[in-house]
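Hi everyone, thanks for coming.

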Amino acid sequence: MMRLILIGLMFSVGVWAQLSAPSDKASLSAGKTQFEIHCAFCHGRGDDGFAANLVSPNLVHAPTDTALVSIIRNGILGTDMPPALGMTEEQMMQVAGYVRSLGRSAPITVAGDAAKGKAVYQGKGGCGGCHMVGGAGGKMGPDLTQIGAMRSPANLRTSIVDPNATLAGGWTMVHVTPKTGAQVNGIRLSEDNFRINLRDGRGRIHSIAKDQTTAITRDLTKSSMPSYQGRLNAKELDDLVAYLFSLRGAM
Amino acid sequence: MKALILFSASILTAQTGDWLQFQGNAQGHRYSELTQIDKSNVAKLKPAWSFQIDKLDKFEASPIAKDGILYVSEPPSDVTAVESHSGKVLWRYKRVLPDNVPFCCGKVNRGVGIHGNSIFISTLDAHLVALDAASGNVLWDVTVADYKKAYSSTAAPLIVKDKVVVGSAGGEFGVRGYLAAFDVKTGKEAWRLWTVPAAGEKGAETWKGDSYKYGSATTWVTGSYDPGLNTIYWGTGNPGPDWKGDKREGDNLYSDSLLAIDADTGKMKWYFQFTPHDVHDWDATQVPILVDQMWNGKMRKLALFANRNAFYYVLDRETGEYLMGKQYVRQTWAKGELDAKGRPTRLPNTFPTANGTAVYPNSPGATNFQAPSYSAKTKLHYVMTRDEGGVFYTGDDTYHEGSWYLAGRFVSKPGEEATGAIKAIDPATGKSKWEYPLSAPSWSGVLSTAGGLVFAATADGDMLALDDSTGKLLWRYPMGGRAFANPISYTAADGKQHIAIASGHTLFSFSVD
C-alpha cells in the first residue's frame, strides 16, 4: 500500500526520472562547501583523494542525477562510501550539482574527429599494442573500452602527452633480478611479503618468490606508457582524444 | 601477601585458556600463557575451522573466549556465539540500526566484553547492550549518547570489577568525547568522564574561544586497568577539527593524551598529553600496556605506549611522570629528542596548509588501532608499525552539527609506497630488538604467547608466526582476506590451544593436530 502511494507520488510530481541537480552559481558554491565538509576527506578535490575519482563526465555508479543523489544519501553498500550524515535534501542536491560540475569543468564537446582518431590509435599511435578496446589489443595498459565514460577529455589528453601526470593505479612497471637467469620486466599484478607476480610484454605471467631474487625496483612515479608529446601533431591529438572520449562501453 | 598477588595475577592472565578481555588481560598485554603451540611444533599449525560472516563491512573483531565458546562481534553491531572448537553458530544477536547512523571509517565493531553470564556490546548507534551469554537475549539496552549528534561506539568494552567501561567514537564530527562506566547488572550509569573540559573547568583555557565545544578527544580503542592501583588507563583521540588548528589555538586538553582514572569515581588522577595541539589526526588511542619493571635500578609501575605520532613512551603509571620517549618510526614533524617533560618540539613548516605540507608519518600514523602485545617471557613490546609519508591540506573549518568536522584532508605522499614492520621494542631503551619488515603496512594487531611465538597477519592476510626473540619467520598461512583484526589464543573443548583471527570476512581458528 505504502509503496503504491509512493510510486504514485513519484510519477505525479515527476521526481523519479527527472531529478536533476542544480547548476546555478549559488547552488554550486553551496555544493562546494558541502563537498569540502562531507566528501573531501576521502575524495580530495574530486580527483586526488584516496576514493573514487569524481572528476568525470560519466560516473560508473551514477549515470543519472537520481542515482547520484541516491549514492550520496545511501552510500555504496559494501564499500567505504558512507551514507550522508546530517545533510538536508537540498544540500545533497547541491553537492550532486557540484560533483557534476567537476566532470564538466572541461568542455564536453570535443574538437577532433573520432573516426580519424581511431586511425591514429590503430596506426601511428600504436596504442593497441598495449591497450585493449572491445576485446582486441594488448595487455600492457588499462582496457580503454569504457574510458570515455570515466575520464574527461582534458584528462585523456594529459594521459597521452604527459602519462606521468595522470598515473592510473595498478600499472606499476617492475624490474626483477632473479638469483639465476635474466632480469624480468613487467606490470606488477600483485605483491606481498613473499612473492611478486607480474605480466611481461608478451603477456606471460611470472610468479617469483622474493627470496629467489637479488633486486626488485618499482617505477612508482613513471608510467611505462611513452609520452606522445611532439610525436603527434595538434590535429592528430584532437582526433585521438575525440576517439577515446567516444569509447563508452561494450562494442 | 606474595601468594595473594600471584593468585590474583593468575586470574587476570587467564591461565585457564580463556580470553576474557579485549587484550586478554586487563593490563593490556595481548599475551597468552598457553604453551601447547611452541617453536618446535608451530610449523604444523593448520586451520581447524573457519567461520564466515554475511556482511561486507570490515571485520575488526577480537573475540572473547570462555568455556568453549567464542563471542564474536560482527559489523555493524551484531554478536555471534560460536563453539570454539568447531566454529558452529550457537546464537546470533542482530541489531537493527536506525538509518543514518554516523560512522567515520566503516561500520565496524572491535569486540565484546564479558562478565559472568553477560556479554556487552557498544553499538554504532551509541548504545550499550547486555546479552545473555547462553541465548543472546537482550538483558538490557541503554543509550550512552545521541547518535543523531554523530556519537557512535566501535571499541570493545573494558570490564572493571562490576562495571562496563565504554568509549566514544565520532572524533571526525566535532563531538565531545567521554569515557563512561555502567553497572554490569542494571546498565545504570555509574560515572562519565568528559575528555574535553566545559567552560570554566580546568583545561578549558587550552582551547581558544568556544572551540572546546567541538573538541572531540574520543576514546575509540579499549584501554587498560590496574587492579592494584584501582586505576583505568585510556588513550584519547584527536582534537576537532582534525587538520586545521587555527580556531582552537592552545594545547587542546585532553586530546591525544593518556588519562589515569579512578575506577570507582571516574575522576581523573592525572593525564599525559603526547601531542599538544595536534593537526595531523594522530589519536593517542593505542592500548596502554601496564607492567611492573626495573627502571634505573628501582622497581616501578609503568605504562608503555607506542604512539601514533611515531614516539615510544614510558610513563610512571602511579604519578604520570614522564620517564622516557624515543622515536621508533620515521618522523619529520618534531625534534628527535623530546624535552625533559616529554613534550615534543615541533619543527617549522609541518602544519597542514592550503597547498599541502609533506610530513612523516602520514595521518594513519606510526601505528594506529592495531593492538600491541607485551610478552611476560621476553619482556618485549611488539608493535605493528607503518612507515609512510603524507601530504596534509587545510580546508573549511566551519562547524555543522552532526557533520564531518575535518577542516582539511591528507593524501599519501605521491610516488612512494607505504611499508610496515612488526617491531619488538625493548621498553628499557625504546629500541627494537628485532624488526620483521612488511612490504605493505598491516591493520592487524599482534599476539605473543608463552610458547615463544608472535602472531600477526600481513596486509593481505598472510597469518605469520615469528620467533619471539629473533623475529624469524616460523610458519605462515595465506588466509586470503585483508586483516583489520587482532589475534587471540584460547583453549577449546577439544583440549587444544587455538589461535584465532579475522581476515576478510572470515574468522580463522588454527590448531596443531
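Let me start with a question for you: is B:Asp387 buried, partly exposed or exposed? With a relative accessible area of 24%, B:Asp387 comes out as partly exposed. Please keep in mind that what you see is a predicted model.

So who does B:Asp387 pair with? Its side chain meets that of B:Arg330 in a salt bridge, 3.1 Å from N to O.

Staying in chain B, have a look at B:Lys46 and B:Asp513. They form a salt bridge in which the closest N and O atoms are 2.8 Å apart. This one links distant parts of the chain: B:Lys46 belongs to strand β2, B:Asp513 to the segment after β36, and 467 residues separate them. B:Lys46 is partly exposed at 42% relative accessibility, whereas B:Asp513 is exposed at 71%.

Chain B also holds a network of salt bridges, which links B:Asp54, B:Lys55, B:Glu74, B:Asp78, B:Arg92 and B:Lys94.

Over to chain A. Here the side chains of A:Glu191 and A:Arg218 meet in a salt bridge, at 2.7 Å from N to O. A:Glu191 is in strand β4 and A:Arg218 in strand β7, so the pair connects parts of chain A that lie 27 residues apart in sequence. A:Glu191 counts as buried, at 19% relative accessibility, because the cut-off for buried is under 20%. A:Arg218, at 30%, is partly exposed.

Over all chains, the count comes to 45 salt bridges. How many are there between chain B and chain A? The count there is 1. That salt bridge joins the side chains of B:Glu417 and A:Arg188, at 2.3 Å from N to O.

Now the rest of that interface. On it, 31 residues of chain B are in contact with 26 residues of chain A. The two chains bury about 2,500 Å² between them, with 57% of that on carbon and sulfur atoms. On the chain B side, B:Trp404, B:Arg409 and our friend B:Glu417 lose the most area to chain A, together 24% of what that side buries.

There are also 5 residue pairs in polar contact between the chains, counting pairs with both residues at pLDDT 80 or more. The chain B side that touches chain A divides into 17 nonpolar, 6 polar and 8 charged residues. Thanks, everyone!

How values were computed:
Residues numbered from 1 in each chain as written. Chains lettered and ligands numbered in written order. Predicted model: local features only at pLDDT ≥ 70, side-chain atom pairs only at ≥ 80, totals over all residues. Heavy atoms only, no water. Contact = heavy atoms within 4.5 Å. Buried area = accessible area lost by both parts, 1.4 Å probe. Salt bridge = Lys/Arg side-chain N within 4 Å of Asp/Glu carboxyl O. Polar contact = N/O pair within 3.5 Å; in protein donor to acceptor, adjacent residues only side chain to side chain. Nonpolar A, V, L, I, M, F, W, Y, C, P; charged D, E, K, R; others polar. Helix = DSSP H or I, 4+ residues; strand = E, 2+ residues; numbered from the N terminus. Buried < 20%, exposed > 50% of the residue type's maximum accessible area, 1.4 Å probe, protein only.
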